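Welcome! Here is a friendly briefing to read alongside the model. Please take a look at the chain before going on.

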Amino acid sequence: MSGQILLWQVILLTIYSMYQIIDDLTFISSLAQPVWAGLITGAIMGNMTQGLIIGGSLQLTVLGVGTFGGASKIDANSGTILATAFSISSGMNAQTAVAAIGVPVASLMIETDVLGRFTNTFFQHRVDKMIEEENYRGFERNYLYGTIPWALSRGIPVFIALQFGGGLVAQIVKVLNTQMVWLSNGLATAGALLPAVGFAILLRYLPVKKHFAYLILGFTLTALLSTVFTNIQSLGTGLASVAKGFTNSFSAMPMVAISLIGFALALNAYKQEVGKLPASHSTAAAPKNDDGDGEINGDED
């Protein structure tokens with residue numbers, strides 16, 4: 001189905017794109033995160049591995065991106081949906097899809113986010129009027145109506161892109177793979193670098209100076225365990241070639257081990273900090289942010 005996305009897939013992805021923004025504003029169940037968007041889109045398109053690669057890449061890219069108050073931010077979830085769907089349907093490389101589709105779409109969706117916020121004020125004014133009239137049923141009804149512009153701000157562009165953009169993307173992929181291979185390679189390289197850029201942005205706002213020892217420890221453990229388990233994986237592959245009954249794979253063990261070590265350290269630090277709290281901590285003042293370098297101090301407590 002090169003370049004073609006079936007109608008039922010378009011409908012399901014459109015419904016998910018509409019739900020994810022509502023979830024992000026209300027339930028906050030994490031289903032609106034790019035990694036989940038990649039997993040769900042990959043499952044609908046029939047390639048969960050590709051979806052996880054693209055979703056994970058965009059999740060890391062926006063790891064340090066936040067927003068305050070009513071400000072808009074790039075919509076990495078919609079970017080993940082379109083990048084994953086077009087990547088699987090057209091055979092585009094995952095890293096190329098992140099750079100060529102995911103990031104541009106995420107940036108363009110800021111405009112629809114602003115439009116959704118703007119049109120939502122209509123229902124906000126109606127809610128104010130219902131409160132003055134003590135019409136609480138009308139208040140609840142208009143509160144729910146406010147989800148409509150938010151959902152449409154994602155659903156309409158995603159539906160149009162998926163339903164009518166498949167042929168165009170297929171032609172672009174064909175050109176990239178034949179006449180402009182240099183550009184395809186450049187986009188793939190950029191897509192592979194974006195998670196590192198996102199992680200660097202995150203480090204900019206984390207209290208790295210305060211916990212620099214943990215940064216060194218994490219880097220060292222990652223390097224050591226990756227080397228050790230890569231060798232174990234090579235050993236397992238060698239055993240599998242001579243013993244047909246040996247089918248074990250250790251490819252996922254480095255990240256699992258590193259994650260468990262990180263969780264143990266975080267749990268230990270949490271218990272230590274909780275033990276230091278006075279009984280009247282519930283009335284303690286909020287932590288101050290007085291670091292001139294931009295770090296947000298105290299957010300790890």
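**How the helices meet**

Helix α1 (residues 7-25) and helix α2 (residues 34-45) have axes that come within 10 Å and cross at roughly 160 degrees. Axes here are lines fitted to C-alpha atoms, for helices over the stretch in contact, and angles run from 0 to 180 degrees between N-to-C directions. This is a predicted model, in which local features need pLDDT of at least 70 and side-chain atom pairs count only at pLDDT 80 or more, while totals for chains, interfaces and linings use all residues. Residues are numbered from 1 along each chain as its sequence is written, and side-chain values use heavy atoms, with hydrogens and water left out.

- The chain has 11 helices and zero strands; helices (H or I, at least four residues) and strands (E, at least two) are DSSP runs, numbered from the N terminus.
- Following the sequence, you will read the pattern α-α-α-α-α-α-α-α-α-α-α.
- Their angle means that α1 and α2 are therefore roughly antiparallel to each other. Angles under 35 degrees count as roughly parallel, over 145 as roughly antiparallel, 65 to 115 as roughly perpendicular and the rest as oblique.
- α1 and α2 make a right-handed crossing. A crossing is called left-handed if the near helix is turned anticlockwise from the far one by less than a right angle, and right-handed if clockwise.
- At what angle do the axes of α3 and helix α5 (residues 94-132) cross? They cross at roughly 55 degrees and come within 10 Å, so α3 and α5 are oblique to each other. The crossing of α3 and α5 is right-handed.

**Annotated spans**

- In the UniProt record, an unreviewed entry, the annotation "transmembrane region" covers residues 5-22, 34-54, 156-176, 182-205, 212-232 and 252-270. UniProt positions are given in the numbering used here, feature names are shortened, and annotations may be inferred rather than shown by experiment.
- Residues 34-54 are 90% helix and 0% strand, and the end C-alpha atoms are 8 Å apart.
- Residues 156-176 are 95% helix and 0% strand, with their end C-alpha atoms 28 Å apart.

**Aromatic rings**

- How many aromatic pairs does a search of the whole structure find? The search finds three. Rings of Phe, Tyr and Trp (its six-membered ring) pair if their centres lie within 6.5 Å; planes under 30 degrees apart count as stacked, over 60 as edge-to-face and the rest as tilted.
- One of these pairs joins tyrosine 19 and phenylalanine 27, which are stacked, at 6.5 Å centre to centre and 20 degrees between the planes.
- Why does tyrosine 19 count as partly exposed? Its relative accessibility is 33%, and buried means under 20% relative accessible area, exposed over 50%, partly exposed in between (1.4 Å probe, protein chains only). Phenylalanine 27 counts as exposed, because its relative accessibility is 58%.
- Phenylalanine 122 and phenylalanine 123 have ring centres 5.2 Å apart and planes at 80 degrees, so this pair is edge-to-face. Phenylalanine 122 is partly exposed at 48% relative accessible area, whereas phenylalanine 123 is buried at 16%.
- Phe122, Phe123 and Tyr145 form one aromatic cluster.
- Arginine 204 lies over the face of tyrosine 205, at 5.9 Å from the ring centre. A charge sits over a ring if NZ of Lys or CZ of Arg is within 6 Å of the ring centre and within 35 degrees of the ring normal.

**Inside and outside**

- Buried residues account for 32% of the 301 residues in the chain.
- Is glycine 79 buried or exposed? Glycine 79, found in helix α4 (residues 76-90), counts as buried, because its relative accessibility is 0%.
- The C-alpha atoms of glycine 79 and glycine 38 are separated by 9.6 Å, and the two residues are 41 residues apart along the chain.

**Residues in loops**

- Isoleucine 74 sits in the loop between α3 (48-61) and α4, and counts as partly exposed at 28% relative accessibility. Isoleucine 74 and valine 62 are 12 residues apart in sequence and 8.4 Å apart in space, C-alpha to C-alpha.
- Serine 30 belongs to the loop between α1 and α2. Its phi is near 80 degrees, a positive value in a residue other than glycine, and serine 30 is partly exposed at 37% relative accessibility.
- Where does glutamate 134 lie? Glutamate 134 is in the loop between α5 and α6 (136-145). Its phi is near 55 degrees, a positive value in a residue other than glycine, and glutamate 134 counts as exposed at 58% relative accessibility.
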